[in-house]
Amino acid sequence: MKPADIVTASVDIVKGPNFVKIAALSLLSLSLIALFYHPPSFIPSVVSSASSSAVGDVTTSISSSISPQPSPPPTTTSSSNSSQRQPPPPWLTVGPRIGIVDETGAMAVDFDTGEFDSSAVEELRNLSDWRDEEKKEENVAIGVRLKYKKYKMCEETKSDYIPCLDNVEEITRLNLSGSVERFERHCPEEGKGLNCLVPMPKGYKRSIPWPRSRDEVLFNNVPHTRLVEDKDGQNWKKKKGDKLIFPGGGSQFIHGPDEYLNQISQMVPDIAFGQRTRVALDIDCGVASFAAFLLQRNVNTLSIAPKDAHENQIQVALERGVPAMAAVFASRRLLYPSQAFDLIHCSRCRIDWIRDDGILLLETNRMLRAGGYFVYKREANLQEQWREMQDLTSRICWELVKKEGDIAVWQKPLNNSCYLNRDAGAQPPLCNSSDAPDNVWYVSLRACITLLPENGYGANVTTWPMRLHYPPDRLQSTIMDASISRKELFKAESKYWNEIIESYVNAFRWKEMNFRNVMDMRAGFGGFAAALHDLQIDCWVMNVVPVSGFNTLPVIYDRGLIGAMHDWCEPFDTYPRTYDLLHAAGLFSVEQKRHKCNISSIMLEMDRILRHGGIVYIRDTVSVMDELQEIAKAMGWEPALRDTGEGQHSIWKILICEKRIP
């Protein structure tokens with residue numbers, strides 16, 4: 001064949017339909033291969049490229065598991081390793097199978113976390129979108145900085161103001177003046193929230209430190225006489241000079257709180273304060289003497305009461321240094337998970353347990369741990385109510401373990417067998433299987449029996465103090481990104497915060513600062529609070545789990561700690577001047593993404609609940625620090641920006657602020 005003929009034949013082949021098909025198929029194959037190894041930005045990347053040790057995988061999993069926010073993009077692998085270590089195929093990123101991953105992208109069951117890299121685990125709190133961070137850092141670099149005018153002081157009438165409980169306008173509009181619902185949350189509308197600094201009462205001074213505060217507080221810090229006057233004959237508290245003192249007697253504890261607790265222990269030794277019973281709830285708590293004296297028995301007791309006629313009960317409890325929160329049994333669930341409390345106590349509390357088919361006792365049943373105890377001291381003259389109470393408790397399968405005088409102790413069953421063996425049509429009914437007993441934010445009460453998990457989760461917690469660091473079973477049922485790596489995440493978070501808090505104790509002399517009332521505004525698994533306990537800081541911690549993240553609150557209670565669900569776009573249900581230390585790690589970089597949330601409103605709320613002389617530690621990204629510093633200065637705080645252990649080039653910084661007494 002001549003050369004010219006060969007050229008002519010080649011041109012004919014190229015023009016032919018078969019060549020076109022082969023070429024198109026080849027191009028499509030090459031495109032699919034490129035997509036497989038280099039997915040575009042719109043395909044979510046779940047796992048960072050593998051590091052030289054297992055700890056890199058653990059760190060990446062921690063960052064993605066504590067929050068639903070996107071993780072940073074994967075680190076680019078070197079060309080020498082690209083053929084061996086590649087991102088997993090896109091189908092491995094679908095669904096909840098996120099956790100510890102090996103080189104091939106498969107879920108690993110057995111692995112070693114290796115040496116703990118505390119600097120790498122700064123990613124633990126990095127919950128903001130990577131691209132948003134880059135934009136904000138660019139804004140900072142070119143000098144974009146918000147300015148805030150100095151905030152004015154609110155009128156003196158707002159010195160004890162709780163925005164969502166003192167919203168008179170909304171309560172009036174809803175015509176709630178005669179109902180218990182008026183004590184529930186009714187937050188101000190958007191734009192009508194607090195925009196000033198809540199003043200302190202005249203003569204306010206730094207609070208008396210714990211443990212002296214258990215027995216006496218400064219009157220000018222809680223200058224209310226209503227409770228003193230109304231309960232004068234009961235010896236709850238007395239005004240003596242410039243102080244309020246707490247004799248500990250009264251109708252609740254005729255011979256004092258310690259004798260009362262001894263009586264309960266003798267009635268039911270299995271209660272075992274400080275071992276089996278670690279977390280308790282005191283309902284309608286008075287001035288919280290029950291909780292104050294349980295603290296010395298290693299029982300963490302949360303005291304609750306409404307802001308009613310004796311409106312400063314909770315304020316007095318907090319001034320004493322006792323865990324407390326304003327809350328009311330009305331039409332919504334309380335802000336605590338199912339099976340939260342080992343023991344629930346009610347002494348002469350003004351609650352109608354049998355109203356509306358026992359709906360309030362059924363809410364108590366939801367919060368009481370399987371096998372937990374309900375201690376009830378009744379009014380001696382209410383015989384009919386007592387009979388109705390006995391009938392209701394038997395129908396919800398509580399066993400009357402002991403009755404002595406006016407004190408009765410019931411125990412909740414350990415499993416569902418009694419519930420399932422009741423007669424058909426028995427009342428109250430069982431809750432629907434779709435009911436989520438840990439959903440509590442603005443959830444209505446339900447007149448039904450909350451079923452216990454069939455796997456026994458929540459019932460089989462270990463005794464105190466082992467339970468503080470033992471990964472609880474309910475860690476496995478918590479809705480989060482991680483799958484099999486949860487226990488490792490739990491342990492890693494504890495070690496992470498232990499190292500950080502130890503550095504705070506050494507560098508900032510935390511043991512000399514007399515912190516008593518502490519709040520972790522974004523608590524995760526409660527590692528911050530556990531570290532404070534381990535390092536022997538004599539305080540209690542309110543562990544707040546924001547609604548913007550995963551609900552880890554059941555895990556916190558299983559550890560023997562206390563906490564509450566909250567939305568930081570709204571004020572917290574506590575009095576002004578409540579906490580000595582506020583800790584916020586990664587909070588602002590998350591909440592600022594929510595359109596209804598405003599950084600300045602969160603900071604103003606922090607100022608409202610922070611005691612004068614109190615300290616704020618904000619650990620967050622550099623993108624929010626300039627604005628936070630400006631707000632802090634506008635509120636009159638003394639801010640100081642510090643580097644983390646990663647050094648000055650880290651995207652993380654620590655803002656330390658002090659709210660000084662004028």
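1. In this note, a residue is called buried when its relative accessible area is under 20%, exposed when over 50%, and partly exposed in between (1.4 Å probe, protein chains only). The structure is a predicted model, in which local features need pLDDT of at least 70 and side-chain atom pairs count only at pLDDT 80 or more, while totals for chains, interfaces and linings use all residues. Residues are numbered from 1 along each chain as its sequence is written, and side-chain values use heavy atoms, with hydrogens and water left out.

2. The buried residues of helix α10 are Gly 358, Ile 359, Leu 360, Leu 361, Leu 362, Glu 363, Thr 364, Asn 365, Arg 366 and Met 367. Ten of the 13 residues in α10 are thus listed as buried. Helices here are DSSP runs (H or I, at least four residues), and strands are runs of E with at least two, numbered from the N terminus.

3. Helix α10 covers residues 355–367 and reaches 18 Å from its first C-alpha to its last. A kink of about 25° is centred on Leu 361; the bend at a residue is the angle between axes fitted to the seven residues ending there and the seven starting there.

4. The cover over the buried residues of α10 includes β4 (279–283), β7 (341–347), β8 (368–377), α11 (383–395) and α12 (417–420).

How values were computed:
The expected span of a helix is 1.5 Å times one less than its number of residues. Contact means heavy atoms within 4.5 Å.
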